[in-house]
2 protein chains.
Amino acid sequence: MRTLYDYFRSSAAYRVRIALALKNLPYEREHVLLLENMQNSQTYKAHNPQGLVPALEEDGVTLTQSLAICEYLDEVYLEPALLPVDALGRAQVRAMALSIACDIHPLNNMRVLRYLTQTFDVTADEKDDWYRHWIDVGFAAFESHLSRTAGLYCWGDTVSLADVCLVPQVYNARRFQYDMTRYPRIAAITEQCLSLPAFHLTSPEQVSS
Amino acid sequence: MRTLYDYFRSSAAYRVRIALALKNLPYEREHVLLLENMQNSQTYKAHNPQGLVPALEEDGVTLTQSLAICEYLDEVYLEPALLPVDALGRAQVRAMALSIACDIHPLNNMRVLRYLTQTFDVTADEKDDWYRHWIDVGFAAFESHLSRTAGLYCWGDTVSLADVCLVPQVYNARRFQYDMTRYPRIAAITEQCLSLPAFHLTSPEQVSS
């Protein structure tokens, strides 16, 4: 019995949906409606004191933090591996994943955007500029990193944890009308990933909200 | 030959200094002076396109992202291990580490604070409120998590990657006059860690700037 506490548009939750799909693991979805603030309910916080999605409950144990969940799935369900076998390769893939998970996504999630508009009174345009700024800074470095590592995917010709993080971030960027032509390697890898059912069928447009 | 691209007050760099010290690995320090914007120099960006510290150069290869570096060190230099042996334990420790590395620290680093003051014209007081807000939200959840996992350290009685992330974050909190008495478990674990040379001798006050 496996339950994903999920929100269709959460890019951290989308990462876990991709990882579960790549490993062909069945699960039930429990909807945590962020627009209704369900992530801060007592019921949900009993699962995840951080009040963030996703969380994954497996055999009665609840795991949190999307990258920790993906690493767990990768350690317990070996095929297909989300990390290279060699330590240097693993470090490179993790660094790419973390450059999105630490340095782009947390700056742009809902609770932060709410703080900006509600406490600092920033306008909608200023908020959008902020959103695109951190994507831009992050993607510029990511594109540069790809020049050293990429093949069909972020790490050679094998899907990895870096792709699992990249595709949801590109989804977010497109929602904010971000011009992806500036980063042709990122755009090409994203298209390649989205040709795979594990990325396509788990995308926010495809799953029920 | 191992070189750490370091800044004494960077809490991400402090994490790597702790990990290197725990594993008793020698290294040279290259100072990347953030106040002089050296992280954005062409020289440094050749090492790390993200323009963030730390980076670790080992035998000519440069690794980035502090958690990826710590995981690399843990895979190559086994003792003492920074992660438990079982997958569930590893997931819990990684989740604690990531709750700091993703959900507190990136919101409070220098480039973000500069954006707030320079683009949104927030006052010094408003900036400090922002800084403490994200610490508060993150530490409240971390303290709750500790009630299920902690012993002398975040994960039982063994030092782990969670402690490696926690202590630098507490250092930052104290710099901003954050009242740590609200979180007695975090405060006690931090004191315990700082009684160890690997945490104490690598702290910003102890290393040269």
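The largest cavity in this predicted model has a volume of about 110 Å³. It is one of four cavities of 30 Å³ or more in the structure. A cavity here is a set of points, on a 1 Å grid over the protein atoms alone, where a 1.4 Å probe fits but cannot get out, and lining residues have an atom within 4 Å of a point. Grid points are joined across faces, edges and corners, and the volume is the space filled by probe spheres set on the points.

Both chains contribute to the lining of the largest cavity: A:Leu67, A:Glu71, A:Arg94, A:Ala97, A:Leu98 and A:Leu161 take part, as do B:Leu67, B:Glu71, B:Arg94, B:Ala97, B:Leu98 and B:Leu161. At least two lining residues come from each of helix H3 (66–76) and helix H4 (87–101) of chain A, and from each of helix H3 (66–76) and helix H4 (87–101) of chain B. Helices (H or I, at least four residues) and strands (E, at least two) are DSSP runs numbered from the N terminus.

The model is predicted: local features need pLDDT of at least 70, side-chain atom pairs count only at pLDDT 80 or more, and totals for chains, interfaces and linings use all residues. Residues are numbered from 1 along each chain as its sequence is written, chains are lettered from A in the order in which they are written, and side-chain values use heavy atoms, without hydrogens and water.

Over all chains there are 23 aromatic pairs. Rings of Phe, Tyr and Trp (its six-membered ring) pair if their centres lie within 6.5 Å; planes under 30 degrees apart count as stacked, over 60 as edge-to-face and the rest as tilted. Two of the pairs are tabulated.

| Pair | Centre distance | Plane angle | Class |
|---|---|---|---|
| A:Tyr7 and A:Phe8 | 5.1 Å | 70° | edge-to-face |
| A:Trp130 and A:Trp134 | 5.6 Å | 80° | edge-to-face |

A:Trp130 and A:Trp134 are both buried; they lie four residues apart in helix H6 (residues 124–149) of chain A, so about one helical turn separates them.

Note on methods: Buried means under 20% relative accessible area, exposed over 50%, partly exposed in between (1.4 Å probe, protein chains only). On a 1 Å grid over the protein atoms alone, a cavity is a set of points where a 1.4 Å probe fits but cannot get out, and a pocket is an open set with protein on both sides within 12 Å along at least five of seven lines; lining residues have an atom within 4 Å of a point.
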